[in-house]
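Subject: The structure I promised, with notes

Hi,

Here is the structure I wanted to hand over to you. Have a look at it first, and then read my notes below.

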Protein chains: 2
Amino acid sequence: MHARSYNFGAGPAALPGPVLDRIAEDLAGARDDGPSMLEASHRSDAFGAVAERAEAGLRDVMGIPDHYRVLFLQGGATLQFSAVPLNLTSEGSIVDHVVTGVWSRRAADEAARFCRVNIAADGSAGGYAAIPDPDSWALTPDAAYVAYTPNETINGVEFSFIPDTGLVPLVADMSSSVLSRPIDVSRFGLIYAGAQKNLGIAGLTIVIVRDDLIGSPRPGTPTILDYGSMAAAGSMLNTPPTFAWYVAALVIDWVRAEGGVAAMAERNEAQKDRLYTAIDASEMYENRVDPSCRSWMNVPFQVAGEAAEAFLDEATGAGLLGLRGHRSLGGMRASLYNAMPDEGVDALVDFMAGFEQRRRAGAGEAAAR
Amino acid sequence: MHARSYNFGAGPAALPGPVLDRIAEDLAGARDDGPSMLEASHRSDAFGAVAERAEAGLRDVMGIPDHYRVLFLQGGATLQFSAVPLNLTSEGSIVDHVVTGVWSRRAADEAARFCRVNIAADGSAGGYAAIPDPDSWALTPDAAYVAYTPNETINGVEFSFIPDTGLVPLVADMSSSVLSRPIDVSRFGLIYAGAQKNLGIAGLTIVIVRDDLIGSPRPGTPTILDYGSMAAAGSMLNTPPTFAWYVAALVIDWVRAEGGVAAMAERNEAQKDRLYTAIDASEMYENRVDPSCRSWMNVPFQVAGEAAEAFLDEATGAGLLGLRGHRSLGGMRASLYNAMPDEGVDALVDFMAGFEQRRRAGAGEAAAR
């Protein structure tokens, strides 16, 4: 038996405890006070207040300038792989993609269905273990934009810097890194993020886009994917994902109450340091990513000696959940999103040390026989 | 003070009481047993079981034949206005649209961005108060499909029959009528429905599509909108709206426990009869829709004598919520989806009679002065 469990899943991921408590409270009180947020109309005053609070809170916590629009959409980051080129390119446009893992690769592949794609850099030759040196990137001077993925959830590779693309708009898929540390939004043309890691539950996608980039979608763009139409309708061109939007408002409230993204960054940095240090010090675990670009959010690691399944079984028994690595890489992956408490990382590091010790003792006994 | 409130909103709409209870229970128990359905990975065994139960339950309750695929998607019915022509037409295709209200009009307008649209019938001349006689429809013999909207939530117009389109596939937006009465799915090529009325919460869209109609999307179709790719991936080409999918599973369980769609139809028919009878018998309220095609789900009505705002204020005070009509029509609208208990309709009818009596008494006093 374990006191409590910790969810290291890569997404949909753990919500902060106070957010879960608040959702439960709101649902319990709802029937007396009117419809719950599961049932409230998107045109109701109650939901309107939630929607406004979410946007105002996100603008505050991320420091989003006034000349950026914030959209609350559906379809996940993968639908944005299509929506971004449909909105930001025209006939004959070329776009630059920096490929540093599975997700930036997929974004580039989807963009190629709508415009010419130049792979400005590709980390695949090195097994996505490092970010290619920006000095080596083959950028196109008149590209419609440069797209990259600041954090790769599967490969565990993260940018510690914002690329300098001059006047060419920078587009970032921040699904797994939004709100994890302070960023300068004014350096970006467009940011998108699925909510199910650091912003709440699956089914909501945030788009933050500079005013001047919207309003000229490609012919044949589905209306729902047209940022200009969605911005004009306050993200309510049709029924929005109301409950997911409400959960995002609660998560943003929680980030602010905890001290904002600076406080998140401090906690996240300490947590990942603790875990990478433990991995590097052990003889059983290995993370193959270059230390200069190791992810703060997703820590993939291998377990030596064919002990992966035993590791997963025992970890689950100890209440450490969701550690199985992505099927394309195998091994383990510990996701340390904002909602992960320090105690969860402590419990994981302690478990890993104990597991290694037990396996070594077992191996010693077997050798002595 | 009122004992409890009833939500007559057109969607997002009321959930069945037992479904709300079950959600609250599941959330309360979750932290001891592992991640809640707000946080569970779409790749987890727990969510996999939910997803399978939702599909199996829907197939059972609607009698969906094996050669139809059931997809659980994002984006709302409005995104399907684009996805349907992108998947079911080719270069040069013509599609027929039967226009009987605001939503079928919007579907036709969006389709026209992707293919040639023939408006086979248009009820707008009559103010959408009736469904044009099928004998008068100008159908195209080799149309890619015929699209219609069995129930119009704004105009309160509903088909009591399934149009006969011969070999041309029939496409229906059942957002507001799915599960409200038995239908023969084999008569349709494709059915789509936003979940936020009879299937749960906003953020989930169901597509039921005949096998032979998928797999040949138009060039430039965003991958997320390609039914074939989504079907091959079990609706998990990317992270699905897990929580909304889970709520749909609970709602489908509830429909089955209540006796299936036949039981829903019996209750829905009795409820709408009670309300239309009250409206027709009064001198204060009016529903202008032809009795042969009055909606079971959405009952719009006017309040005579500029009493609309007073009606809304007093209704809200009596716990009768969400009655304001759509802004394009004014007046009132009472939505009687599956989750509406008989007591809610009784309370509304009683309130309406009382309001009419009080206004008449007031007018009588004023005249006597």
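Let's start where the chains meet. Chain A and chain B bury about 4,000 Å² between them, with 57% of that on carbon and sulfur atoms. Buried area here is the accessible area (1.4 Å probe) that two parts lose on being put together, summed over both.

Before going on, some housekeeping: this is a predicted model, where local features need pLDDT of at least 70 and side-chain atom pairs count only at pLDDT 80 or more, while totals for chains, interfaces and linings use all residues. Residues are numbered from 1 along each chain as its sequence is written, chains are lettered from A and ligands numbered from 1 in the order in which they are written, and side-chain values use heavy atoms, with hydrogens and water left out.

**Between the chains**

Back to the interface: 50 residues of chain A are in contact with 50 residues of chain B (contact means heavy atoms within 4.5 Å). There are 14 residue pairs in polar contact between chain A and chain B, both residues at pLDDT 80 or more. A polar contact is a pair of N or O atoms within 3.5 Å; within protein, one must be able to donate a hydrogen and the other to accept it, and residues adjacent in sequence count only if both atoms are side-chain atoms. Helices (H or I, at least four residues) and strands (E, at least two) are DSSP runs, numbered from the N terminus. Helix 1 of chain A gives the largest share, 6 residues.

How many salt bridges are there between chain A and chain B? The count is 0. A salt bridge is a side-chain nitrogen of Lys or Arg within 4 Å of a carboxyl oxygen of Asp or Glu.

**The cores**

The largest nonpolar core has 124 residues, and those touching the most other members are I23(A), L58(A), F243(A), I23(B), L58(B) and F243(B). By nonpolar core I mean a set of buried Ala, Val, Leu, Ile, Met, Phe, Trp, Tyr and Cys residues joined through side-chain atoms within 4.5 Å. Buried means under 20% relative accessible area, exposed over 50%, and partly exposed in between (1.4 Å probe, protein chains only).

Take F243(A): setting aside residues up to four places away in sequence, F243(A) touches partners in both chains, including M37(A), L38(A), L38(B) and F243(B). L38(B) sits in the loop between helix 1 (17-33) and helix 2 (45-62) of chain B, and L38(B) counts as buried because its relative accessibility is 1%. Although L38(B) and F243(B) are 205 residues apart along the chain, their C-alpha atoms are separated by 5.5 Å.

T100(B) lies between strand 3 (94-99) and helix 4 (102-111) of chain B. Leaving out residues up to four places away in sequence, its contacts include Y128(B), P132(B) and F159(B).

**Charged pairs**

Over all chains, the structure holds 34 salt bridges. One of them joins E55(A) and R59(A), at 2.9 Å from N to O. Those two are 4 residues apart in helix 2 (residues 45-62) of chain A, so about one helical turn separates them. E55(A) is partly exposed at 27% relative accessibility, whereas R59(A) is buried at 18%.

R274(A) also pairs with D346(A), the closest N and O atoms being 2.7 Å apart. This pair links distant parts of the chain, with R274(A) in helix 7 (residues 260-281) and D346(A) in helix 9 (residues 342-368) of chain A, 72 residues apart.

Most residues other than glycine have a negative phi, and most peptide bonds are trans. Here, a cis peptide bond joins G11(A) and P12(A), with omega about -5°. The bond from G11(B) to P12(B) is cis as well, with omega near -5°.

As for phi, Y128(A) has a positive value of about 55° although it is not a glycine, and Y128(A) is buried, with a relative accessible area of 13%. E306(B) has a positive phi too, near 50°, but E306(B) is exposed, with a relative accessible area of 81%.

Enjoy!
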